[in-house]
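Student: I would like to learn how to read this model. Please take me through it step by step.

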Amino acid sequence: MDATSLRLISGLLLFAYTASHFSHANNGPNYYGKLIGSLKNYAHGIKGDVYAVDDTTIFIKGFCYDGTGPDAYFWVGNSSTPTPQGYIVPYPEIKEGSDPVVLKLYNYTDIILKLPNGKRIRDIKWLSVWCRRFTVNFGDVFIPANLKAPKARVLPEFSRLAHGLRSGNITILDCKTIYIPNLHYDGAGPDAYFWVGNGSEPNTFGIKVPSERQSLAPLSGYQGADIEIVLPANLTVHDIDWLSVWCVQFKHNFGHVMIPKDLDVPPALGQTKIATSSTPPPPDKETPPLSKLELTNCKEIMEGRVQVQWEMIGDDIQIRVSGRINEDQYVAFGLSGREGKPEMIGGDVVVVAYDNRTGKFIAVDYYLSDYAQCDGKKGVCPDERVGGKNDAVLVHGERKNGVTTVTYMRPMSTNEPVKDRMIPNTETSVIAAIGPLNMRGEANAHHSFDRTNEDIRIDFTSRNVHECTNSLYNLPDMSDIEPWPAAVITNETTFSTRIGPAGGKRGYTRITGQPAWGIAWYINDLLIPEITVERGQTYTFIVEGGNDPANPARYHPFYITDSPEGGFGQKTETEQRAQRVFAGVKYDTDGYPYPTAAGRYCEWVHKTVDMSADMETFENFFETLRLECDKGEPAKLVWTVAEDTPDLVYYQCYTHNNLGWKINVVNDAHAAVPLLSMVTTTFVVGMLQFIR
């Protein structure tokens, strides 16, 4: 066997070892830090596994809480048990001087908590979910006395071998994020990249790491830049032996740093940021970070409420969307589904927002296949929920003076022709909308006045388009609109069940505290009334919510559940098992659920336009609606309320979230009177006998 063959075999063996080593990380994708313990539940369904991410950060995996406590917060202290002498850990994080937000409903949500005011995990003895108003501990976990939280690890600087490469001390911020301060490199290497791999020194059997610009293009020069790079895919620092600046073409190492094997660094959960004791030197003008890249084009849309900036970068385009919106709202911007008009169906948009659930900014690729809420197959859906890919890459996000600004990158064209439209090199029609995020952190319905209603055209290959002013920061706040009082139904046994408008800012959202999709259940011609039923009694719902699954915008089977969200049909099997269903769902012979109450479609629609904001009462608003019904027969749901039915359940839509509201379940009030009379009579007779 010749020397060339031996080198080839040795290389293949080393490659196989490296691939194996990469795929068996010591702390893989399920590494969340040092386990503190599981939350104990005393009330309200508290659940979750608690980890120390670093000395100031706590991570809760799969946090559950029913959201019904009136004044509940994450609460920590250093007493022997949870007491009122603790303090709040705000979630989501808040700006300095702002009040913490009361905890809402969480269903297996991953949560990152940052201890306030410089506190460290070693300064506390417990974490609790605590109600301040009633001084009640809903659930807690205690911090082990000997707990050592993971921490960032400082390494030496790059070795200085070629092309002026040098840096400050390199820091492993977390298991995927590497901070390189004061980086210098002349940029003259013809094919140089950040490069990681295994072995005693850098070699050809490594892999590329994207630059701080999330690019795999050859490195340009750096003149004292402070940068972060993130290891790709599932790779972590526990899988590699070195980080190098490496020339692939000439197989040459310009400089490297070795990665120790005893690293106890934080997991990569998005908690790390560049942190230096002094202001870092400005980055090289030739390689500015994408978040600071000047975008030379700007256009105002939606009467100045949204500004869009853009810049072509090779085959990609960077877009910065700024919107005058609330913290729980999104801006959707992208290509219209039809040239020459603002068409939603077929639209390809990116939804940007600050997600209160995670405390992070988002940029998510959506395909709009229908006017309906996403049911996991059709509707207003993130590409990833319907078998596609999120081609929007978040670059930067910030919120300032009531304006949310998110910068993202996307390709001019992708390999998903069905879900993604190619951005042409000529003018094209665009659309935009503002609306609330739902409990999944996805785009919910918007009002007709919160979207583009005219043909707006942009040439994304153009330069020096200056059509923006400062009006975005000068818009007046919308005055608050009084909600309608919640409707109530008692002493009824038969209910007509139809679809109607959610009532804008006076209706569903203000009544329930949850974002509306734009439609909701109308029971006996009332918008989501609270219904009271009695155990042991039988009730009939005449359901006219649609019976064509191929048309999700008009398919709303009715069912009764303990879930305040509903949407049983779009849930995973695990999520379905977490719901208790009382009527409206059965299972076929293969064990698959199906709805039983799907009748013809009847909807209360606007006679002209939505006038909810102008109507002080629901009764006046109802007069602006007319009923439209398809041909066919209604469905009938007959429900006999079992004795073990909880005090509170919900009527909901099987295919969509947040269309229904509460059913209060009580015992038979009439049956209680004779029992009370019997007790009273017995007591009086006994007293008379005693007196005699």
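**Reading backbone and cavity**

Tutor: N491 counts as exposed, because its relative accessibility is 72% (exposed means over 50%, buried under 20%, partly exposed in between, with a 1.4 Å probe and protein chains only). This is a predicted model, where local features need pLDDT of at least 70, side-chain atom pairs count only at pLDDT 80 or more, and totals for chains, interfaces and linings use all residues. Residues are numbered from 1 along each chain as its sequence is written, and side-chain values use heavy atoms, without hydrogens and water.

Student: Where is N491 placed?

Tutor: N491 sits in the loop between β30 (488–489) and β31 (494–501) (strands are DSSP runs of E, at least two residues, numbered from the N terminus). N491 has a positive phi of about 60 degrees, although it is not a glycine.

Student: Is H163 exposed, partly exposed or buried?

Tutor: H163 counts as partly exposed, because its relative accessibility is 27%. H163 is not a glycine, yet has a positive phi of about 55 degrees. The loop between β10 (153–154) and β11 (171–172) holds H163.

Student: Which residues does a cis peptide bond join?

Tutor: Y91 and P92, with omega about -5 degrees. P92 lies in the loop between β6 (87–89) and β7 (106–114).

Student: How is empty space found?

Tutor: Rolling a probe the size of a water molecule over the atoms shows where space is left empty.

Student: Which residues line the largest cavity?

Tutor: Among them are I319, F333, D348, Y408 and F460 (a cavity is a set of points on a 1 Å grid over the protein atoms alone where a 1.4 Å probe fits but cannot get out; lining residues have an atom within 4 Å of a point).

Note on methods:
On a 1 Å grid over the protein atoms alone, a cavity is a set of points where a 1.4 Å probe fits but cannot get out, and a pocket is an open set with protein on both sides within 12 Å along at least five of seven lines; lining residues have an atom within 4 Å of a point. Helices (H or I, at least four residues) and strands (E, at least two) are DSSP runs, numbered from the N terminus.
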